[in-house]
Amino acid sequence: MMIRFAILPLLLALNLSMCKKQQAVTDKPQPAASAAPGSAAATAAPVVAATPKIKKPVVDQTAQVLIFCYHRLVDKIRYPGTEITPAAFEAQMKELKDKGITVISMQDLLAWKRGEKNIPPRAAVVTFDDGWKSQYEVAWPIMKKYGYPVTLFIYTEGVRGGTLGGGEAITWEQLADMRDNGVDIQAHSATHQDLREGHTVMVIEDRKRSKKKLTGADYEKWIQNEVVGSKELLEQRLGIKVNCFAVPFGNYNEHVKELARNAGYEAMFTVYGQPITFTSPMDSIGRYAIEANKPKVFADAVNMIGASSGGGTAVAEVGAKDLTTQPADGDTVRTATPLIKANLSSVGQIEPGSVQMRVSGLGLVPANFDPKTGTVSYQVPQKLRDKTCTVIVSAKSEGKKVETHWTFGLEEATAARSPAAAAKK
Ligand SMILES: [Zn+2]
């Protein structure tokens with residue numbers, strides 16, 4: 001006990017010195033001694049010393065999620081590859097309810113993947129692509145009737161008034177109305193084309209369209225607008241945060257993924273449907289595209305998780321907020337080569353050889369574990385490239401596997417590829 005309390009304030013102080021944002025400080029319970037000078041915390045009531053708590057598993061790592069992707073809802077099907085009737089759509093929404101599959105929001109799915117929030121064992125996320133006005137006029141009322149959250153993936157030139165936005169397209173006003181009522185609006189590129197280099201694409205310049213085969217710098221400029229520009233436009237026009245990218249037709253590659261990650265996308269989506277599990281990679285999350293000409297897709301998807309026994313290895317998830325970690329969960333650090341630490345002493349007796357640390361972008365790393373202090377640490381040797389870093393620490397305690405996840409931001413990460421910028425620091 002003495003050791004634990006001796007270490008805690010020290011680590012908290014370390015964390016504090018790395019905090020830039022006032023918000024990050026006030027978010028966490030802090031011992032009185034660590035109140036930042038001049039901050040509101042200095043005048044706050046005395047705070048009891050932080051007591052490490054052990055949470056029961058907060059995240060069900062055996063849960064499975066189906067993500068559905070719809071396009072247009074029309075009474076008379078003319079394009080069965082992207083359309084479905086409102087009646088068929090509603091029947092599917094009802095079936096989810098009848099089968100005990102809980103429709104959750106995209107942001108809840110992501111929070112679960114981060115280890116922050118639990119979700120029901122069998123869940124679904126319903127998404128709509130391409131921004132058709134029937135999504136506003138027909139699909140949304142049905143979703144509201146069932147109390148289901150909605151995510152839209154919008155390609156910005158396809159919104160009404162954009163170069164590709166015709167009379168059936170959703171308008172910015174409709175998007176704003178949906179945003180005001182809790183609809184999650186996410187990115188689906190600017191012009192909805194194959195994003196890989198070397199393809200002939202339709203290019204829009206001064207609202208004029210032409211076909212070009214883009215390579216080199218011309219391609220880089222174009223793809224930047226597709227991946228980053230579309231995100232910024234949605235964020236600025238609607239005042240939202242965009243953290244998901246649905247890849248048009250699912251056509252992308254490592255370069256596109258890297259651009260998307262650097263732009264701050266947390267998750268990338270394809271149309272290769274599969275049940276999403278806790279360990280599904282975030283840069284290729286499969287969705288089931290539900291279309292009138294493939295009626296079996298929905299039924300098969302539902303059966304996929306319906307048949308599941310919900311088994312899997314039991315892992316006790318320890319909330320990162322109840323451990324002392326460095327950098328702390330949610331913090332942003334200035335260095336791209338951080339020292340990563342977690343104090344596992346609150347978890348219980350740790351089997352020394354069982355401790356593993358995984359770092360996003362690096363994989364399994366050779367972390368040190370000090371059994372005396374219960375601290376696992378790893379000094380990142382080379383600059384991390386991504387703007388956010390997730391750490392997963394697992395260990396065995398009294399024969400049981402325990403695991404914790406946390407995520408922090410890196411201010412310098414985007415500069416990592418530019419030696420000149422790094423040298424200035
Ligand atoms: Zn699409």
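# Notebook: strand E5 and what surrounds it

I began at strand E4 (residues 102-103), which pairs with E5 in the parallel sense over 2 bridges. Within that pairing I found Val103 standing opposite Ala124 of E5. I keep in mind that this is a predicted model.

**Confidence check.** I looked up pLDDT before going further. The protein chain averages 82, and 79% of the residues score at least 70. Two stretches I'm leaving alone. Over residues 1-57 pLDDT stays under 50, and the model has 72 contacts beyond four places in sequence for them. Over residues 308-314 it also stays under 50, with 7 such contacts.

**Whole chain.** I noted 10 helices and 23 strands in the protein chain. There are 425 residues, and 36% of them count as buried. I also checked how far apart in sequence the contacts reach: of those between residues at least 6 apart, 64% join residues at least 24 apart.

**E5 itself.** Is E5 (residues 122-129) mostly covered or mostly open? Mostly covered: 8 of its 8 residues are buried. I then sorted its residues by direction. Arg122, Ala124, Val126 and Phe128 point one way, while Ala123, Val125, Thr127 and Asp129 point the other way, and all are buried.

**Other partners of E5.** Strand E1 (residues 64-70) runs parallel to E5, and 7 bridges join the two. Tyr70 has Phe128 as its bridge partner in E5. Strand E6 (residues 151-154) also pairs with E5 in the parallel sense, over 3 bridges. There I picked out Leu152 of E6, the bridge partner of Phe128.

**Crossovers.** E5 leads through helix H5 (residues 133-146) to E6, a β-α-β crossover that is right-handed. On the E4 side, I found that E4, helix H4 (residues 106-113) and E5 make a right-handed β-α-β unit.

**H4.** Which residues of H4 are buried? I get Met106, Asp108, Leu109, Trp112 and Lys113. Looking down the helix axis, I see these buried residues fall within an arc of 160 degrees, so they line one face of H4. I checked what covers them, and the list includes E1, E5, E6, strand E7 (184-187) and strand E10 (244-246). Just after H4, Gly115 takes a positive phi of about 85 degrees.

**Cores.** Which residues have the most contacts inside the largest nonpolar core? Ala124 and Phe245 do, in a core of 68 residues. E1 gives the most to this core, with 6 residues. For Ala124 I listed the contacts, leaving aside neighbours within four places in sequence: Val65, Leu66, Phe68, Leu96, Ile101 and Val103. Val103 is the residue I had already seen opposite Ala124. Apart from this core lies another, of 23 residues, including Leu344, Val355, Phe369 and Tyr378. As background, nonpolar side chains tend to be buried together in soluble globular proteins.

**Where I stopped.** My picture of E5 is a buried strand with parallel partners E1, E4 and E6. Its Ala124 is one of the two residues with the most contacts inside the largest nonpolar core.

Note on methods. Residues numbered from 1 in each chain as written. Predicted model: local features only at pLDDT ≥ 70, side-chain atom pairs only at ≥ 80, totals over all residues. Buried ≥ 20, exposed ≤ 12 C-beta atoms within 10 Å, placed from the backbone. Helix = DSSP H or I, 4+ residues; strand = E, 2+ residues; numbered from the N terminus. Pairing = 2+ DSSP bridges. Right-handed = clockwise from strand over helix to strand, strands pointing away. pLDDT = per-residue confidence, 0-100. Contact = placed C-beta atoms within 7 Å. Arc of directions from axis to C-beta. Core = buried A, V, L, I, M, F, W, Y, C linked by C-beta atoms within 7 Å.
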